[in-house]
Protein chains: 2
Amino acid sequence: MIAHAGTTDARLESWVAVVPGCDFPIQNLPFGVFSTEERAPRIGVAIGEKILDLNRVAEAGLCDDVCEPELLQAPVLNPFLAAGRLVWSGVRERLSQLLRRDGDPTLRDAGADRFLVDRHGAGVRMHVPMEIGDYVDFFSSLEHATNLGRIFRPNAEALMPNWRWIPIAYHGRSSTIVIDGTPVRRPRGQRKAPTDDAPEFGPSRRLDIELEMGFVTGPGNGLGEPIPAAEAREHVFGLVLVNDWSARDIQAWEYQPLGPFLGKSFATTISPWIVTLDALEPFRVEGPRQEPAPLAYLRVGEPWAYEIRLAVDLQTDRMREAELPPATISQTTFRDMYWNVAQQLAHATANGAVARPGDLFASGTISGSAPGTQGSLIELCWNGERPIALPNGETRRFLEDGDEVTLRGWCDRPGARRIGFGAAHGRIASAI
Amino acid sequence: MIAHAGTTDARLESWVAVVPGCDFPIQNLPFGVFSTEERAPRIGVAIGEKILDLNRVAEAGLCDDVCEPELLQAPVLNPFLAAGRLVWSGVRERLSQLLRRDGDPTLRDAGADRFLVDRHGAGVRMHVPMEIGDYVDFFSSLEHATNLGRIFRPNAEALMPNWRWIPIAYHGRSSTIVIDGTPVRRPRGQRKAPTDDAPEFGPSRRLDIELEMGFVTGPGNGLGEPIPAAEAREHVFGLVLVNDWSARDIQAWEYQPLGPFLGKSFATTISPWIVTLDALEPFRVEGPRQEPAPLAYLRVGEPWAYEIRLAVDLQTDRMREAELPPATISQTTFRDMYWNVAQQLAHATANGAVARPGDLFASGTISGSAPGTQGSLIELCWNGERPIALPNGETRRFLEDGDEVTLRGWCDRPGARRIGFGAAHGRIASAI
């Protein structure tokens with residue numbers, strides 16, 4: 001189904017320098033939107049420590065036979081996303097040819113400086129790479145759903161009866177999806193402990209993270225025309241890291257009966273580079289066994305899990321002052337998610353709802369079962385009962401002002417070149 | 001606060017013909033987006049049986065001193081919405097002057113045919129008038145929340161403990177907001193009766209309506225900067241009718257713990273004309289007493305309820321064949337909603353979440369306490385127990401294929417000129 005296995009060949013090397021351990025070798029070629037002091041937001045592809053400016057590549061006519069140049073000259077990815085898999089893979093193949101040693105020398109010969117920008121250069125900024133029409137957040141980790149059930153509803157069955165039948169989800173707020181590095185202001189809201197007579201309004205005291213992956217959709221469907229699970233690959237462009245910041249005290253008081261609202265809608269951070277399904281192909285694996293068997297519209301005929309390793313790093317103000325590096329507080333994998341991307345998209349459109357180019361569908365918190373593999377503080381610290389100990393003697397139950405959280409993700413297995421997602425980081429600013 | 005009381009003066013008459021009972025006298029001047037066979041979508045204002053083409057008005061320079069002409073020449077209202085109340089009211093005042101008898105004769109003298117289009121003309125189509133970034137649906141009727149609690153959770157307290165403290169809401173799907181007249185395809189989804197062992201997938205058998213009003217926002221706020229309730233008037237442009245179509249069987253099985261998703265996301269119908277707060281000013285009244293007193297961030301210093309009368313009409317295929325007119329199955333008022341528009345906007349942004357120009361915030365189902373004043377079939381028929389009898393002997397518990405539902409809304413009181421919202425109608429198409 002996914003062509004161009006050649007673009008993921010571990011032996012490929014680029015003439016652009018790629019240091020060992022870099023997230024962006026030529027096998028990756030993730031898409032994003034960047035700006036510089038001189039250049040307005042435009043589409044780019046990360047390669048080593050550089051960004052390849054696709055606006056200029058299109059201007060030079062280097063992709064004309066695989067893609068309308070306007071699609072690569074937009075300030076957001078939406079028109080390119082709307083073009084579909086044949087165009088996505090065609091551009092990827094072309095860029096791989098232009099960037100590889102012993103490939104097409106046109107770009108290199110044309111003067112690479114015209115096309116390449118330093119990723120870490122002064123004034124280089126990354127932007128949310130697409131206009132996000134709707135943002136859906138799933139709840140697809142069995143371990144996370146079980147843990148949250150135990151914490152929020154201690155006297156009931158941890159897993160709801162619908163959970164093994166439905167990839168449960170809700171709509172989040174697309175206006176507050178922010179790019180890696182955007183400060184996250186501690187939200188104010190209504191909090192009420194079960195023992196309080198009345199709620200009070202103030203800064204959240206239980207500010208948390210949620211480690212997630214999200215997929216970005218391509219062409220989309222017409223109103224009333226579901227996307228079958230078997231066609232999901234034509235509609236999913238790629239994946240990003242997602243931090244679904246959560247205010248647990250606001251969430252606990254507000255969420256019945258209509259679900260999370262202000263406990264989530266204050267900020268959602270995504271990583272700037274969309275790693276394509278094409279690049280992830282060497283890391284596609286069988287997912288967990290599903291019992292009971294999913295209903296027909298949720299059945300998939302091929303593996304849809306991805307072996308993506310994930311980590312959460314935390315650095316406090318005091319650690320920063322002491323020049324201590326961030327501490328890794330969780331390590332887990334995306335591979336074991338119960339509901340997969342194809343099932344999520346088929347479910348979200350099963351009623352005829354429209355997915356548009358650039359929509360974001362996040363996985364829900366990714367948690368494993370072993371200690372230290374959970375994707376949220378409320379699970380890692382079990383609702384505050386077991387604080388995390390940091391290297392400088394500090395402890396954390398929830399986030400304090402000044403804390404900086406970084407999500408990282410990467411794929412690595414024998415025989416394939418390591419590729420990465422970069423990072424989604426954010427630092428907590430105090431409430432106004 | 002709202003200037004230009006002159007524009008709502010009941011004595012004003014337009015030189016454009018307005019038949020008695022018309023929703024759109026010169027006191028109304030609602031904004032929408034229309035197209036004709038010759039003209040691409042553009043902004044218009046309804047007056048009598050005509051649409052005033054604001055693209056042409058701006059082209060002729062007739063609003064230049066109150067509004068940048070580009071704002072009125074866009075294919076959607078978003079740029080105009082972003083401009084804020086001073087511009088909105090300035091344009092309204094100018095249009096009122098241009099359209100009234102004994103007003104500014106410029107438009108009339110310039111040849112009204114150039115500026116006016118027949119609302120019911122062949123090829124005239126209305127469009128969703130703005131790009132909707134985020135769609136929020138509240139749950140602000142005390143009677144509706146109580147009724148649904150009784151139906152969905154018969155063994156628990158009907159009203160959740162948070163309900164009188166929080167204007168409860170969730171995010172809906174903006175991609176499936178459709179304009180008046182769009183057919184609504186019966187959604188398919190997972191259904192499971194409590195007595196069934198496993199769910200099955202198929203067309204919804206409990207398709208319902210929700211009679212709501214929605215408000216459209218203007219300038220909006222920055223990330224992390226809540227809109228105080230006292231400033232809501234600067235951010236709310238106007239109101240539309242909203243039918244939040246609901247598949248009760250899908251909703252009942254999916255909604256725990258994260259709230260409604262596919263039971264709602266298949267379609268939401270809005271009326272095409274946004275009636276401005278300026279036009280509604282004569283119908284602004286005190287809302288119901290709130291007990292307990294709202295927390296400080298939800299307090300408002302002025303009346304924020306609107307006396308808007310509402311009706312739901314139903315016409316079945318068999319009624320249509322027999323040439324029977326639609327039957328009115330519910331009549332209610334917007335006035336008694338427990339949480340008001342200012343409180344809803346203040347709450348939705350209290351955590352710093354961003355409201356953008358063109359966002360839609362719906363009220364939640366509007367239900368009264370008397371029989372026949374509820375805004376959904378599940379309440380009117382009490383979960384199917386008391387079917388509605390139609391004039392031709394048919395009965396309804398939920399919607400059948402071919403049923404056409406029309407929401408209507410209007411304001412009428414002694415001393416003011418009656419204004420209306422037009423209609424939000426949709427007919428049920430069978431599942432694919």
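Let me begin with the surface. Chain A has an accessible surface of about 15500 Å², and 49% of that belongs to carbon and sulfur atoms. Accessible areas here come from the Shrake-Rupley method with a 1.4 Å probe, and for residues only the protein chains shown count as cover.

This is a predicted model, in which local features need pLDDT of at least 70, side-chain atom pairs count only at pLDDT 80 or more, and totals for chains, interfaces and linings use all residues. Residues are numbered from 1 along each chain as its sequence is written, chains are lettered from A and ligands numbered from 1 in the order in which they are written, and side-chain values use heavy atoms, with hydrogens and water left out.

On confidence, the model scores ipTM 0.96 and pTM 0.97. The mean pLDDT of chain A is 96, with 99% of its residues at 70 or more; pLDDT is the predictor's confidence in each residue, from 0 to 100.

Now the fold of chain A. There are 11 helices and 26 strands in chain A, where helices (H or I, at least four residues) and strands (E, at least two) are DSSP runs numbered from the N terminus. The radius of gyration of chain A is 22 Å, close to the 22 Å from the globule rule for 432 residues, so chain A is as compact as a globular protein of that length. That radius is taken over C-alpha atoms, and the rule is 2.2 Å times the number of residues to the power 0.38. The C-alpha trace of chain A spans about 70 × 55 × 40 Å along its principal axes.

Of the 432 residues in chain A, 63% are buried. Buried means under 20% relative accessible area, exposed over 50%, and partly exposed in between (1.4 Å probe, protein chains only).

Next, some backbone details. The peptide bond from A:Gln256 to A:Pro257 is cis, with omega near 5°. A:Pro257 sits in the loop between helix 7 (248-254) and strand 16 (268-270) of chain A. In chain B, the bond from B:Glu291 to B:Pro292 is cis, with omega near 5°, and B:Pro292 is in the loop between strand 18 (284-285) and strand 19 (305-306).

Are they buried or exposed? A:Asp102, in the loop between helix 4 (85-99) and helix 5 (106-109) of chain A, is exposed, with a relative accessible area of 82%. B:Leu29, in the segment before strand 1 (31-35) of chain B, is buried at 1% relative accessibility.
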